[in-house]
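Student: Here is a model I want to read with you. Can we go through it by question and answer?

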Amino acid sequence: MDNYYEERRWSNDLGEIYGIRCQGSSHVRDDNKPCQDYFKVKANKKLTIMALADGHGSAAYDLSEFGSKLAVEAAINELRKIYTVNRKSKYYLFSALKNDFPKNVVREWKARADKDIVKRDSSFDLTNKSSLYKRYGTT
C-alpha cells in the first residue's frame with residue numbers, strides 16, 4: 001500500500017461510509033515515516049462495524065503503525081462478539097459496550113502485540129511488557 005494515501009468506500013442498506021487515511025506532511029518531511037493510523041469497516045446488509053486508531057508518532061512508538069492495526073482488528077473482533085451475543089437486547093448490548101468492550105479490546109490488543117513482536121524481533125525480552133506496549137502505542 002502507498003503510504004501517502006488510501007481511500008475506501010463501503011455501502012449497504014444503511015447507507016455509505018467513506019474512509020481515508022494519509023501520511024502526514026511531517027511524516028513525509030521527517031525521513032518518510034509511514035502513516036501510523038488505521039481504520040477498518042465490516043459491513044453486511046443490516047450492520048456496519050467500524051473502528052479506527054491513531055498511532056503515536058514519536059520515535060518511542062516505533063511500532064505504532066502496527067499497533068494501530070492490531071487495535072482496530074481487536075476492536076472489530078470484540079464488537080462483532082458483543083453484537084452477536086447481545087443483539088436481541090439493547091440494554092445488554094449497550095451495557096457490554098460500556099463495561100466489557102474497553103477492557104476486552106486492550107486485553108486482545110496486548111495479546112496480538114505479544115505475538116507480533118515475536119515475528120518482528122525474536123530476541124525481544126517478553127518480560128518487559130510495558131516497554132513492548134509503549135512501542136506499539138496507539139489511541
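Tutor: Start with exposure: a residue is buried under 20% relative accessible area, exposed over 50% and partly exposed in between, using a 1.4 Å probe and protein chains only. This is a predicted model, in which local features need pLDDT of at least 70, side-chain atom pairs count only at pLDDT 80 or more, and totals for chains, interfaces and linings use all residues. Residues are numbered from 1 along each chain as its sequence is written, and side-chain values use heavy atoms, with hydrogens and water left out.

Student: How far apart are the C-alpha atoms of asparagine 44 and aspartate 13?
Tutor: Along the chain, asparagine 44 and aspartate 13 are 31 residues apart.

Student: What pattern does the protein follow along the sequence?
Tutor: Count the elements first: there are five helices and four strands. Read along the sequence, the pattern is β-β-α-β-β-α-α-α-α.

Student: What percentage of the contacts with a separation of 6 or more is between residues 24 or more positions apart?
Tutor: Contact means heavy atoms within 4.5 Å. Of the contacts in the protein with a separation of 6 or more, residues 24 or more positions apart account for 50%.

Student: What is the relative accessible area of glutamine 36?
Tutor: Glutamine 36 is in the loop between helix H1 (25-29) and S3. Its C-alpha is 8.6 Å from that of lysine 69, which is 33 residues away in sequence. Glutamine 36 is buried, at a relative accessible area of 9%.

Student: How many aromatic pairs are there?
Tutor: Rings of Phe, Tyr and Trp (its six-membered ring) pair if their centres lie within 6.5 Å; planes under 30 degrees apart count as stacked, over 60 as edge-to-face and the rest as tilted. By this rule, the number of aromatic pairs is two.

Student: What kind of pair do tyrosine 91 and tyrosine 92 form?
Tutor: The ring centres of tyrosine 91 and tyrosine 92 lie 5.3 Å apart. Tyrosine 91 and tyrosine 92 are both exposed. Their planes stand at 75°, so the pair is edge-to-face.

Student: What is the angle between the planes of tryptophan 109 and tyrosine 133?
Tutor: Tryptophan 109 sits in helix H4 (residues 101-120) and tyrosine 133 in helix H5 (residues 129-135), 24 residues apart. Tryptophan 109 is buried at 11% relative accessible area, and tyrosine 133 is buried at 16%. The rings form a tilted pair, 5.8 Å centre to centre, with the planes at 45°.

Student: Which ring does the charged end of arginine 120 sit over?
Tutor: A charge counts as over a ring if NZ of Lys or CZ of Arg is within 6 Å of the ring centre and within 35 degrees of the ring normal. The charged end of arginine 120 is 3.5 Å from the centre of the ring it sits over, that of phenylalanine 66.

Student: How are H2 and H3 oriented to each other?
Tutor: Axes are lines fitted to C-alpha atoms, for helices over the stretch in contact, and angles run from 0 to 180 degrees between N-to-C directions. The axes of H2 (residues 64-86) and H3 (residues 90-99) come within 9 Å and cross at roughly 155°. Angles under 35 degrees count as roughly parallel, over 145 as roughly antiparallel, 65 to 115 as roughly perpendicular and the rest as oblique. H2 and H3 are therefore roughly antiparallel.

Student: Which residues is asparagine 86 in contact with, leaving aside its neighbours within four places in sequence?
Tutor: Asparagine 86 lies in helix H2. It is buried, with a relative accessible area of 15%. Beyond those neighbours, asparagine 86 is in contact with Tyr92, Leu93 and Ala96.

Student: How does H2 lie relative to H4?
Tutor: The axes of H2 and H4 are 8 Å apart, and the helices pack at an angle of about 135°. That angle makes H2 to H4 oblique.

Student: How are H3 and H4 oriented to each other?
Tutor: H3 and H4 pack with their axes 4 Å apart, at about 50°. The contact includes Ala96 and Leu97 of H3 and Phe101 and Pro102 of H4. H3 and H4 are therefore oblique.

Terms used. Helices (H or I, at least four residues) and strands (E, at least two) are DSSP runs, numbered from the N terminus.
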